[in-house]
Amino acid sequence: MALIHGGQLQRVAKAFNIAQKHWLDLSTGIAPYSYPIPTIPEYLYKDLPQEPDNLVIAAKRYYDTNNVLVTNGSQAIIKLLPVLWQTKNPKSKTVYLPEQGYKEHALAWQSAGFNLCWYQEELPPLSAIEKNAVLVVINPNNPTGKLYQRSQLKRYQSRMIETNGLFVLDEAFMDVITPSQSMATNIGNYKHTLVLRSFGKFFGLAGIRIGFLLAQQYWLKLFHEQLGPWQVNGPAQFIAENALLDTQWQQTQQSRLQQLAEKLLDTLKSNIPLECINNITGTHLFTTVYFKNTIDVEAYYIQLCQQGIYVRLTDEKTALRFGLVTPEQLERLAKALATLSK
Ligand SMILES: Cc1ncc(COP(=O)(O)O)c(C=O)c1O
C-alpha cells in the first residue's frame with residue numbers, strides 16, 4: 001500500500017489540470033531555501049561511491065555523537081527496522097506509535113505483523129509499556145508539532161531498557177529546535193535506542209536523499225550489512241558533507257526559517273477566520289492549522305488546490321499543514337486564504 005505524502009506535485013497538478021509551474025507547493029516541511037550546491041568534482045559522477053568517511057566525520061560533529069551511519073534518507077531505516085528487530089527479539093509483538101504522525105512508521109511495523117497501539121499527544125504511561133515492545137516517538141512530531149523534552153524521554157529510555165524493548169526516535173525536524181531535545185548525545189551507551197535524522201528538511205535538499213542512523217555500533221553494523229554497498233551516491237555525499245560543516249550557513253538558515261515561520265503564522269491568523277480554527281501548531285519548518293469540527297477541511301484543501309496552492313491535508317482530514325512561504329509568495333497565499341468558504 002502506498003501512503004499519501006506531501007510533494008508529488010505532478011499528481012496533484014494533473015488532478016486539478018493546472019501546469020506544475022503555476023503551483024505554490026507548500027505541501028512539505030522542507031525548507032524553501034536550500035544549501036547552495038558546491039562545485040562537484042567530476043570523478044564523483046564517474047566513480048562508484050566510496051565509503052562516506054568524510055561525510056561521517058562531518059555528521060559526527062553536527063549531531064554530536066561518534067555513532068553515525070549514513071543512509072539514503074531516514075526512510076531507508078524506517079522500512080527495514082521492523083524485520084531486523086524481529087530477528088533480534090522474536091518476543092517483540094507490540095509497537096506504540098503516535099496516532100498522528102509520519103505514517104511510514106506504522107506501515108512498516110504493520111507489514112512486519114506487529115500489533116499497533118496508538119497514543120495521542122501524551123506518551124503511553126510508563127507502567128503500561130509491555131515487555132519487549134517498541135516505542136516510536138517523532139520529536140518534534142509532524143504534523144502536530146508536539147515536542148517532548150529530553151528529561152521525559154530519558155525516563156522512557158530507561159523503561160525500554162528494563163523491558164528489553166526498543167526506543168525509536170525520529171528526529172527529522174529536530175534541527176530547528178533550540179535548545180535541542182535530541183537524544184543523540186551519548187547514544188553509544190544505549191543499545192535499546194535508535195535515533196533517526198533527516199538531512200533534507202533543514203538543509204532544503206530532500207532530493208539528494210540523505211539521512212542518518214545514530215545508534216550503538218552494533219546497530220550501525222547490522223544496518224550497514226543489510227543496506228549493502230553504494231547506499232548514498234558520491235555527489236550527494238559531497239554536498240551533505242559541505243552543508244554539515246558550514247556552521248555559518250546553518251546559523252543564517254536558523255534565523256531565516258524562524259522569520260519565515262513567524263510571517264506564515266501571521267498570514268494564517270489574519271486570513272483564516274478565527275472562529276474556524278481550533279488550534280495552530282508547528283515548528284520553524286511547517287505550521288499546522290487544526291479546524292473546528294464544523295469545518296469541511298477537505299473542501300478548504302480543494303479550494304486552495306483550485307487556486308494552485310498545494311498544502312497537506314492531514315490523514316485525519318482535521319487540519320492543513322503549510323510549508324514555509326518565501327516573502328514573495330506570501331501575498332498569493334494570503335489572497336487564496338481570504339477566499340476560503342466564500
Ligand atoms: C517525521 C518524518 N520522518 C522521516 C521522514 C523521511 O525523511 P527522509 O527519508 O527524507 O530522511 C519524513 C519525511 O517527510 C518525516 O516527515
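This report covers the ligand site and the pocket around it in a predicted model.

**The ligand shell**

Where does the ligand sit? It sits in the largest pocket.

| Residue | Protein atom | Ligand atom | Distance |
|---|---|---|---|
| Gln 75 | backbone N or O | oxygen | 3.0 Å |
| Asp 170 | polar side-chain atom | nitrogen | 2.5 Å |
| Ser 198 | side-chain N or O | oxygen | 2.6 Å |

Gln 75 uses a backbone atom here. Asp 170 and Ser 198 use side-chain atoms. How much of the ligand does the protein cover? On its own, the ligand has 400 Å² of accessible area, and the protein covers 90% of that.

The largest pocket holds about 770 Å³ of space. Its lining comprises 37 residues. His 5, Gly 6, Tyr 102, Asn 142 and Lys 201 are the closest to the pocket centre.

What is the lining made of? It has 17 polar, 11 nonpolar and nine charged residues. Which domains supply the lining? Domain 1 (9-34 + 249-338) and domain 2 (43-245) each give at least three residues.

Technical notes
Residues numbered from 1 in each chain as written. Predicted model: local features only at pLDDT ≥ 70, side-chain atom pairs only at ≥ 80, totals over all residues. Heavy atoms only, no water. Polar contact = N/O pair within 3.5 Å; in protein donor to acceptor, adjacent residues only side chain to side chain. Areas by Shrake-Rupley, 256 points an atom, 1.4 Å probe, with all protein chains shown as cover. 1 Å grid on protein atoms, 1.4 Å probe; cavity = no way out; pocket = protein on both sides within 12 Å on 5 of 7 lines; lining within 4 Å. Sits in = over half its atoms within 2 Å of the grid points. Points joined across faces, edges and corners; volume = space filled by probe spheres on them. Nonpolar A, V, L, I, M, F, W, Y, C, P; charged D, E, K, R; others polar. Domains from an automatic or database assignment.
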